[in-house]
Amino acid sequence: MTETASTGQGGGDVRLTGISKKYGSFQAVQPLDLTVQQGSFFALLGASGCGKTTTLRMIAGLEEPTTGTVLLGDRDVTGLPPYKRPVNTVFQSYALFPHLDIYENVAFGLRRRGIKSVKKQVGEMLDLVQLGDYARRKPQQLSGGQQQRVAVARALINRPQVLLLDEPLGALDLKLRRQMQLELKRIQTEVGVTFIHVTHDQEEAMTMADSIAVMSAGRVEQLGTPGDLYENPGTTFVANFLGTSNLIETEVVGRDGDAITVSGSGGCKLTLPAARCSAPTGNGRKVLVGVRPEKMAISHADDAGTIPEGRNRVPGRIAGTSFIGVSTQYVVDSAVCPRLEVYAQNIERDGRLAPGADVVLHWNPQHTFGLGADQDIAAGEEAAS
Amino acid sequence: MTATTAPPDAPPVTGGEPPRRRAFRRGRLVPYWLLLPGILWLIVFFLVPLVYQASTSVQTGSLENGFQVTWHFQTYWDALQQYYPQFLRSLLYAAVATLLCLVVGYPLAYLIAFRAGRHRNLLLVLVIAPFFTSFLIRTLAWKTILADGGPVVGFLSSAHILDITAALGWTSGHRVLATPLAVVTGLTYNFLPFMILPLYTSLERIDHRLHEAAGDLYATPWTTFRKVTFPMSLPGVVSGTLLTFIPSSGDYVNAQLLGSADTKMIGSVIQSQFLTVLDYPTAAALSFILMAVVLFVVTFYIRRAGTEELL
């Protein structure tokens, strides 16, 4: 499997070639190739145990790869111990030294490299993370968010070629996490260092990263920009793990130029662009047709006549609704597929759309994607929740 | 020992108070009830003997005519003048034994805490296994181990180690028994678990990820030890050295069984003054001087180590 985040041949790219890790008989990371462009914000996204942290630790040198090589620019660092690699890590638990104050924590890397006058740099770095007033406190006197910023400062002050972040926001509450996501993104833009960020939070990955590698069971499922992954998931795992997807089992019944026509159970005909179907599309082939809940519109069955021509339509009955402020989420049972999810913005609410009401779901066929039917339709659903 | 049997929620004797107030007062008293057994224990087995010995130390008289409190503080001065070599020797032996315990115990505690894996509990049991045998018997066993002409002495002698120790005045001739080396060896052996256990506890608490973080921040394994592991284990070092130094400076069994008249420690003097010479005032005065010296040394040490808050 060859995955390339970029085609650029920058001198500071991180390149993993055929890297894998085996613990006894357990294959934590399947052999994978990955290139992270210099200066980019790259996310390794996956559920716990998918091998993303192991991959990160192999780049840091904390884990020795079973096979493969790690290249920083043109330099092979596979055999180097962590303290000889121009790479720094922000650990999941921060791992701040409890016996040293914030100043000494941040200065630690500089001092180990024999730099005597650290005062100016430490001051600047503490200002960057807005902790200038806390230099003489001990880590345990700081809040979680402040400790997290110290951990970032302690790693960044060394001007690493690559900054590795291992679920650095996992321990923070939601509001602080949002704030720190923006903060980290700001710092990354400011210092221009390559960030490789490991997370299980798809929202976090999409907010921060320029490109994302979605990992599952030790392999990279798909790699791309957040928008690309969301709009064109290549596997059911990615479709379900990144956001929510409605996946409908269908069979190809025809093709008209760029438009493929498929038929679901109950004879419901849908069309999708051939370019967005990653599976073979010969007549009679099984295809999973996917559409994101927010791309669908919902109309009461009585208004079916007002739906413009050329849209995909699925009739059904509302099984449940939940009002969440900006939108209302509907669960619709249909002959084509049970449990279709639809998110409708709360602009004009139709009072008839209550559980039990007959409705028609409709959407622009361009928003439909197709996946091979040979995979688990529910893959990634549990991992995402 | 009445306190342990008295239930803390015994019905109150006064019935006139409103129930809520009664419950409140009873709740406030619970901590004191819980403290009572400990306080009683300390009064009976610590404070009373202490006061009794203090009064003994300023008495004069003889066994036949009885002892009277005469506030004879001269005893202290006389005792110190007569036995200061034994005092100094005790402190020296205890310090050397403590240092040896640290040198031997630290690597062992480190190994158990970080490298032992699933053998960790077994190794800890082995560390405390000597306690299953009496202190006296273990010390007597060293008499056999270090016996003249035994394998240990034979090896040390043929390896010319005894020549070096003899030059330093730790051994004499081709003997180990009845020399300072034997006494210090015995002390080191007997108090080693008291060093290892606190060291282990403080090392074991260190998050392994801190080692990874140090390595990630350009620290070599040795620098990681110097800058992270050792400073973080200081509370263990301090309590381990105290737990070793304090009892060994007052010990008399090792000096008695493994040493000679020339290696007598202050503990042996106190013991013989109490039980053989029957000069109770001198024995009591010596005890108080030892206590004061140890307290002084320990306070100075803790101040210097700067770990008051870590204890």
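Two residues are in contact here if their C-beta atoms, placed from the backbone, lie within 7 Å. Keep that cut-off in mind, for it sets the contact counts below. The model is a predicted one.

Under the contact cut-off, eight residues of domain 1 of chain A meet 13 residues of domain 2 of chain A. On the domain 1 side, six of the touching residues are polar and two are nonpolar, with no charged residues.

The database record gives a related span. UniProt, in an unreviewed entry, places the feature "domain: ABC transporter" at residues 14–242 of chain A. In the model, the end C-alpha atoms of residues 14–242 of chain A lie 25 Å apart.

Now go to helix H3 of chain A, residues 119–128. Three of its residues, A:Val122, A:Met125 and A:Leu126, are buried. They share one side of H3(A), because they cover an arc of only 100 degrees around the axis. What does this buried side pack against? The buried residues of H3(A) pack against H2 and helix H4 (144–156) of chain A. The face of H3(A) directed away from its buried side carries A:Lys120, A:Glu124 and A:Asp127, which are exposed. After H3(A) comes A:Gln130, with a positive phi, near 60 degrees.

H2 leads on to the other chain. Across the interface, 16 residues of chain A are in contact with 15 residues of chain B. Two elements of chain A, strand E6 (87–90) and helix H2 (102–112), each supply at least two residues of the side that touches chain B. H2(A) gives the largest share of that side, three residues. Sorted by class, the side of chain A that touches chain B has nine nonpolar, five polar and two charged residues.

End with chain B itself. Its secondary structure comes to 13 helices and two strands. Chain B has 311 residues, of which 31% count as buried.

Terms used
Residues numbered from 1 in each chain as written. Chains lettered and ligands numbered in written order. Predicted model: local features only at pLDDT ≥ 70, side-chain atom pairs only at ≥ 80, totals over all residues. Helix = DSSP H or I, 4+ residues; strand = E, 2+ residues; numbered from the N terminus. Nonpolar A, V, L, I, M, F, W, Y, C, P; charged D, E, K, R; others polar. Buried ≥ 20, exposed ≤ 12 C-beta atoms within 10 Å, placed from the backbone. Arc of directions from axis to C-beta. UniProt positions renumbered as here; feature names shortened; annotations may be inferred.
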